Each structure stands twice: as structure tokens, then as C-alpha cells.
Amino acid sequence: MHALVGENGAGKSTLMKILYGMQKPDEGTIAVDGQQVSFSSPADAIARGIGMVHQHFMLADNLTVLENVVLGSEKLHGIGGAARKKIKEISDRYGLGVRPDALVEDLGVADRQRVEILKVLFRGARTLILDEPTAVLVPQEVDALFANLRELKAEGLSVIFISHKLGEVLSVADDITVIRRGTTVGTAVPSETTPRQLAEMMVGSELPTPETAESTVTDQAVLTVAGLTVYASGGASMGTEAEPTGGITLAPEGGEIKRVLDDVSFTIHAGEVMGIAGVEGNGQTELIDALIGTKNADAGTISFLGEDITPWPTRKRRESGVGYIPEDRHRQGLLLEAPLWENRILGHVTETPNAKGFWLNPKGAQADTRRIVEEFDVRTPGIDVTAASLSGGNQQKLIVGREMSHNPKFLIAAHPTRGVDVGAQAQIWDRIREARREGLAVLLISADLDELIGLSDTLRVIYNGRLVADADPATITPEELGSAMTGAATGHLEHVEEASAPEDEAR
């Protein structure tokens with residue numbers, strides 16, 4: 001198991017694309033099993049036993065899981081019963097919990113990743129390239145994934161593992177290669193290296209932490225949610241059942257559609273970061289959609305600065321001061337083929353500097369994009385290149401810069417540092433902390449439990465569409481929080497020292 005680490009834009013993904021036949025190298029050689037090879041396409045790499053799970057998934061939304069898995073590999077096991085049996089066998093063997101008939105567009109990010117891993121195993125890969133595989137997983141799922149990878153390794157499989165989570169890299173890798181600005185700058189042996197040393201090799205600085213030193217919570221309520229309820233697939237009035245989404249199963253035939261958000265209530269104050277912890281697919285996406293206005297509430301109210309905004313359209317909410325860092329930057333945050341300055345306009349079409357009265361103001365947007373690029377350290381040759389040409393972390397910094405530039409009063413931050421390096425992580429955390437000190441209210445949803453615990457003033461746990469538990473970020477551990485996310489604990493979570501209580505009591 002060989003780990004590859006480096007900051008955003010260092011060349012990790014480009015190198016992996018070359019190994020997978022998606023891009024041709026200009027110089028140098030690649031050898032598989034001692035034999036020099038040249039790949040013209042991913043099909044060549046697959047034929048040589050190389051499989052890749054990309055950081056941004058390569059799935060067709062309008063196809064089912066089964067169709068996505070067999071696509072391009074129909075000759076292996078057909079497209080019917082034999083393929084379904086093979087998918088079930090792989091899913092059960094590695095605990096992936098994949099549903100062959102689910103539509104990919106209905107799946108959360110974590111489920112999509114499992115489909116990608118299964119797709120690679122279905123093709124019989126012997127060398128597995130994993131680009132940021134743990135970005136969306138809770139600690140228990142990470143442990144399960146690593147256990148599976150160790151099993152695969154024991155069976156003779158090779159794994160190339162890219163991650164920004166340096167603690168995980170050190171725990172799972174046999175060897176580590178560090179690259180910076182497109183070249184190898186060093187190697188490390190995990191048993192002889194600390195996360196701090198690895199971070200310094202990567203970016204030349206210390207490993208940042210998300211801790212917030214002082215409380216800035218005020219008694220001014222910015223967002224109040226009361227009894228918020230959302231039904232699966234658009235509401236209880238549909239009258240017909242639909243495919244379940246996000247892991248919520250529907251009622252038996254003849255029953256009503258299940259609630260994906262069930263009587264959710266909370267208040268976020270000025271200067272407060274409220275963290276929501278939960279395994280993906282338990283209602284977080286629907287909560288975000290209801291707050292931003294892309295999904296209607298079936299019951300309950302949303303109040304913003306004392307005003308009922310439940311019926312408001314998305315645009316009015318945005319203009320009133322609701323910022324939004326989406327959970328999937330490619331599907332919801334960017335137009336990948338558009339230049340950076342056009343992406344700066346998204347979500348803020350009617351606001352300065354993007355508009356003058358009824359008219360768009362391209363020059364104003366372009367000038368402000370240059371400022372964002374400078375201020376938020378977006379590494380790009382210019383503002384006219386497409387968003388697709390940036391690395392994932394630089395795309396994320398552009399989105400954060402866009403949202404923070406409008407001085408929001410309430411910010412929905414969904415996985416704000418997913419797939420970004422330690423340097424970019426520190427910058428994004430600093431921006432959130434700085435705005436929090438100035439009175440920003442933040443709803444933070446993240447799969448990184450250290451980030452959730454470190455940044456949050458209050459913590460809530462969501463499970464099956466309900467807020468089932470709350471915890472004090474000052475005392476809770478990631479392991480205890482991860483346990484509650486699986487439904488193992490409800491109410492107020494108290495940290496219990498292992499020495500003073502049996503393990504099951506602590507949980």
C-alpha cells in the first residue's frame with residue numbers, strides 16, 4: 001500500500017490519470033510487472049489490471065448502479081442475472097452495501113464512492129488507485145475500508161492511496177511518496193514519521209488544527225427552524241411511491257412516503273457554528289435543500305432574522321444574506337466549462353459587483369474575481385481559464401471566496417474542506433473563524449469529525465432524518481461522535497473516560 005501526498009495542484013491527480021491511461025506522458029516510462037507499457041486509454045490500463053476510483057466520481061446519474069458497474073464491461077458477466085449476482089457477491093464480501101437497482105442520481109456522495117470501488121473490483125483490478133477515498137466516511141467506515149484494503153493487499157493486490165488526511169496515511173501506508181509542484185521531493189517511512197513532519201514536507205508549514213479558542217456566540221437568533229419536515233421524492237401528496245433516497249427506506253406498499261426530514265428544530269445564533277454530524281444519506285442533503293430553498297418544506301417553518309422565509313424562493317434568500325458552500329462542488333457549485341469570472345457570478349447574479357441595475361457587469365465580476373484569486377490563494381494562470389482546469393482544492397477556494405465576498409449573515413457550509421490540502425484547509429478554517437467573530441451564523445456539515453468538533457460551538461447528530469443527540473465539542477471524541485452517528489446513542493452525549501467505565505457504558 002503506497003501513499004501519495006502533496007498539496008492541491010502538486011500533480012497527484014495528473015500522475016494518476018497518466019497511470020490510468022486518461023492522459024499521455026511527455027517523457028518517462030511506466031512498467032507493470034517489470035514490463036514497460038504505454039496506455040492510450042483507460043481500457044488499456046484496465047486490461048493490465050489497473051483500476052481507479054476518482055476523487056470526482058465518473059458515474060452516469062441517469063443509470064442504475066448495476067448499469068454503471070457493467071458499462072463498458074458487458075462481456076465480463078453480461079448485463080443481467082450473472083452481473084447482478086457478481087455485484088451482490090462483491091458488495092457482501094467487502095461490506096459495501098450497494099443496491100444494484102438504485103438510480104445513481106438518488107445516491108449520496110458516500111454511496112457513490114462505494115459504487116466506484118465496486119466497479120473497479122468488478123473489472124478484476126490488481127492495482128487499485130484510490131484518490132481521496134476517505135473524504136466522505138466516518139471513523140468506523142474508514143476502519144472498515146482500511147480492513148478491506150488490508151485483505152486485498154494480503155491477496156496480492158497493490159494499492160496507491162492519495163489522501164490529505166495525514167494521520168490516515170501514516171496508519172495504513174507501507175511507503176509514502178511526497179510530491180510538490182509536479183516533482184518528487186521526498187519519501188517517508190510511516191513508522192519513522194509524524195503528521196507534523198509529513199505536513200512540513202508537503203507544504204513547508206506545520207499541520208493546522210481546526211480548534212477555535214474563544215466563544216463568540218451571542219444571544220441574537222439568526223436562523224430558527226421549527227418542526228421542519230420533508231417527504232421523500234417531493235412530498236406526501238404525490239400518492240405514489242418512489243425509489244428510496246439517502247438510505248431511508250419507504251413504507252410497505254399502500255403506506256405513505258417516508259419522511260427524509262422528520263420534525264427538525266434548532267436555532268443558530270450570530271457568532272455561532274452549529275455542527276451537524278451524521279452518516280451521509282440521513283437527511284443532511286434535504287436539510288440543506290430546504291434551507292437554501294431548492295426543496296419545499298412539507299411542514300414546519302424557517303425563520304431568518306425574525307422573518308418567516310419558508311415560502312421564499314432561493315434567489316430572495318441569497319440576496320438577503322444566505323451563503324452556500326455546496327456539498328458537491330462539481331454538481332452544485334461550479335460550471336466546469338465556464339471561466340472563473342463567470343463562476344464568480346453564480347448564485348449572486350443580481351448583486352454587486354456582478355450587476356448594475358438590471359444588467360450584468362462583466363468588468364466588475366472580472367475585477368472581483370482577480371481579488372478573490374489573490375486573497376484566497378486560488379492557484380490559476382488567470383481568470384479566463386475554465387473551472388475544470390483547476391485542482392479540486394483551488395476550485396473549493398474559489399467557491400469559499402465567492403460566498404464570503406458577499407458578507408453573508410448565515411452560511412451553509414457543507415464539507416467546506418473536502419479534498420483540499422492542509423494549507424488550503426487552514427485558510428478556509430481561518431475565513432470561517434474570522435467571519436464567526438464578526439457575527440456570522442454557520443451551519444457546518446462535514447464528514448471530517450475533527451473539523452466538526454474543532455470548529456463547532458454546538459454539535460447535533462442527525463440519524464434517519466431526525467436530530468437524535470447533541471454533544472459538547474469541548475469534551476466529545478471523534479470515536480464517541482462516530483458511534484452516535486450510527487444510531488447507537490441518543491440524547492446528550494457525555495464523554496466518559498475509558499478507565500472509569502466499561503467500553504459499552506462509554507458508548
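**Close-up views of the predicted model**

**View 1. Glu319 has a relative accessible area of 38% and is therefore partly exposed.** Buried here means under 20% relative accessible area, exposed over 50%, and partly exposed in between, with a 1.4 Å probe and protein chains only. The model is predicted: local features need pLDDT of at least 70, side-chain atom pairs count only at pLDDT 80 or more, and totals for chains, interfaces and linings use all residues. Residues are numbered from 1 along each chain as its sequence is written, and side-chain values use heavy atoms, with hydrogens and water left out. Glu319 pairs with Arg315 in a salt bridge, at 3.2 Å from N to O. A salt bridge is a side-chain nitrogen of Lys or Arg within 4 Å of a carboxyl oxygen of Asp or Glu. Arg315 is exposed, at 57% relative accessible area. Both residues belong to helix 11 (residues 314-319), where 4 residues of separation make about one helical turn. Helices (H or I, at least four residues) and strands (E, at least two) are DSSP runs, numbered from the N terminus.

View 2. An α-helix has 3.6 residues a turn, so residues three or four places apart point the same way. Lys88 is partly exposed, with a relative accessible area of 47%.

**View 3. Asp61 and Arg112 meet across separate parts of the chain.** Their salt bridge spans 3.1 Å, N to O. Asp61 lies in the loop between strand 4 (50-53) and helix 3 (65-70), and Arg112 lies in helix 6, so the pair ties together parts 51 residues apart in sequence. Asp61 is partly exposed at 25% relative accessibility. Arg112 is buried at 5%.

**View 4. Arg431 takes part in a salt-bridge network and also sits over a ring.** The network links Arg344, Asp368, Arg371, Glu375 and Arg431. The salt bridge count for the model is 21. The charged end of Arg431 sits over the ring of Phe376, 4.1 Å from the ring centre. The criterion is NZ of Lys or CZ of Arg within 6 Å of the ring centre and within 35 degrees of the ring normal.

**View 5. The model has 1 aromatic pair.** The ring centres of Phe146 and Phe161 are 5.7 Å apart and the planes stand at 80 degrees, so the pair is edge-to-face. Phe146 is in helix 7 (residues 139-154) and Phe161 in strand 6 (residues 158-162), 15 residues apart. Both are buried. Rings of Phe, Tyr and Trp (its six-membered ring) pair if their centres lie within 6.5 Å; planes under 30 degrees apart count as stacked, over 60 as edge-to-face and the rest as tilted.

**View 6. Leu96 lies in the loop between helix 5 (81-93) and helix 6 (109-122).** At 9% relative accessibility, Leu96 is buried. Leaving aside neighbours within four places in sequence, Leu96 is in contact (heavy atoms within 4.5 Å) with Ile90, Ser91, Arg114 and Leu118. Leu96 and Leu118 are 22 residues apart along the chain, and their C-alpha atoms are separated by 7.7 Å.

**View 7. Strand 7 pairs with strand 1 and with strand 8.** Two strands pair if DSSP finds at least two bridges between them. Strand 1 (residues 2-5) and strand 7 (residues 175-180) run parallel, joined by 4 bridges. Strand 7 and strand 8 (residues 183-188) run antiparallel, joined by 5 bridges. Thr177 stands opposite Leu4, and its bridge partner in strand 8 is Thr187. The hairpin of strand 7 and strand 8 has 2 residues between the strands, and Arg181 takes a positive phi near 50 degrees there.

**View 8. An open, antiparallel sheet has 4 strands in the order 10-9-12-13.** Strand 10 (259-269) and strand 13 (307-308) are the edges; each has a single partner strand, so one side of each is left without a neighbour in the sheet. Strand 9 (residues 221-231) and strand 12 (residues 299-304) pair over 5 bridges. Ala226 stands opposite Thr301 of strand 12.

**View 9. Helix 15 (residues 392-404) has 13 residues.** From first C-alpha to last, helix 15 reaches 18 Å, close to the 18 Å expected. The expected span is 1.5 Å times one less than the number of residues.
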